[in-house]
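The tour goes from the whole chain to single residues.

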Amino acid sequence: MRNIFVTGAAGFIGSNLVDRSLAEGSRVVGWDNFSTGQREFIKTARNQETFRLCEGDNLDLPALTKAMEGCEFVYHLAANADVRFGLEQPSKDLHQNTIATFNVLEAMRIHDIKRIAFPSTGSVYGEATIIPTPEDAPFPIQTSLYAASKLAGEALIQAYCEGYGFEGYIFRFVSILGERYTHGHVLDFFQQLRAHPDYLRVLGDGTQRKSYLYVHDCIDAMRHVIELGSAKTARHRVAIYNLGTNEFCRVSDSIAWICEHLGVRPRLEFSGGERGWIGDNPFIFLDTKKIQSTGWKPRLTIREGVIRTLKWLQANQSVFEKQ
């Protein structure tokens, strides 16, 4: 039985990871400031003796350090993931993504905890010139504060792995879908179509191409790689993996799936242009040969992930109405 520490434990991915880890026999300390996390997501976990909730903020290093005592592995999932509105609060990504990651690493160093998993983002590749984009692709200019802050977090982890003998697992995600999803285009379109099923406002021109991954496929991938221990033998003790599927879809494809599932035929109103907002990458498609060579493969297609997400939203409307 492992003692694991999960930042962002009440969030979308974090709460699913907590439930999976508890079910498989781990002891879990969940850490969250509930700025976006939902208490309802950890309701089942809180009824288990092997789960302990610590409410706090990653920017409070003394409290974070105290909560982490006795743990052996850290999943650092807490982050500000709102790319679209990053320019309205430019310090938010710096503090919640970069400085928060430094504090997590410092708390680990104080307790001599050596192993960390970190969800980064495919956005660090900027507007990639190589598609599908592999892990060793050259980094172009960063186009969002979110991606820049995540890349800085990656660099800090790499430096701690080299300097303090940490073992780091960095996962560059595409967008994640599934149960407890509370942020992104599927939620936006779902809420719009509930309010006015006759028309749908779409940022951009609908041709943006994106890849997505189902949340439990994402968790399976992280746990699979960590169990293999690939970072132990990797250069500088850091293993970096893209996480995604072998496909992408256009925003217009996703709209069609959502409308078909909901039984509506709205008039589409496009804002125009190939980007939905400043920093929106019009084409994200990651090369996942590296992680698939280890034996992991996604179970759900993008369309299946979208439909799973919609079904959860339909059954849990009270959750996102509280946001």
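**The whole chain**

Among contacts in the protein (heavy atoms within 4.5 Å) between residues at least 6 apart in sequence, 81% join residues at least 24 apart. This is a predicted model, in which local features need pLDDT of at least 70 and side-chain atom pairs count only at pLDDT 80 or more, while totals for chains, interfaces and linings use all residues. Residues are numbered from 1 along each chain as its sequence is written, and side-chain values use heavy atoms, leaving out hydrogens and water.

Show the cartoon. The protein has 10 helices and 13 strands; these are DSSP runs, numbered from the N terminus, with helices being H or I of at least four residues and strands E of at least two.

Now show the C-alpha atoms. They fill a box of roughly 55 × 45 × 40 Å along the principal axes. The radius of gyration, taken over C-alpha atoms, is compared with a globule rule of 2.2 Å times the number of residues to the power 0.38. For 323 residues, a compact globule would have a value near 20 Å, and the 19 Å of the protein agrees with this.

Of the 323 residues, 54% count as buried. Buried means under 20% relative accessible area, exposed over 50%, and partly exposed in between, using a 1.4 Å probe and protein chains only.

**Stop 1: Ser 15**

Select Ser 15, in helix 1 (residues 12–23). Is Ser 15 buried or exposed? Ser 15 is buried, with a relative accessible area of 0%. Apart from residues up to four places away in sequence, Ser 15 touches Gly 8, Ala 9, Ala 10, Phe 41, Ile 42 and Arg 180. Its side chain also reaches the backbone oxygen of Phe 12 at 3.4 Å.

**Stop 2: Asp 112**

Move to Asp 112, in the loop between helix 3 (90–111) and strand 5. Asp 112 is not a glycine, yet it has a positive phi of about 60°. Asp 112 is exposed, at 53% relative accessible area.

**Stop 3: Pro 132**

Next, select Pro 132, in the loop between strand 5 (115–121) and helix 4 (145–164). Look at the peptide bond from Ile 131 to Pro 132: it is cis, with omega near -10°.

**Stop 4: His 236**

Finish at His 236, in the loop between helix 6 (215–228) and strand 11 (238–243). His 236 has a positive phi, near 65°, and is a residue other than glycine. His 236 is partly exposed, with a relative accessible area of 43%.

Technical notes
Polar contact = N/O pair within 3.5 Å; in protein donor to acceptor, adjacent residues only side chain to side chain.
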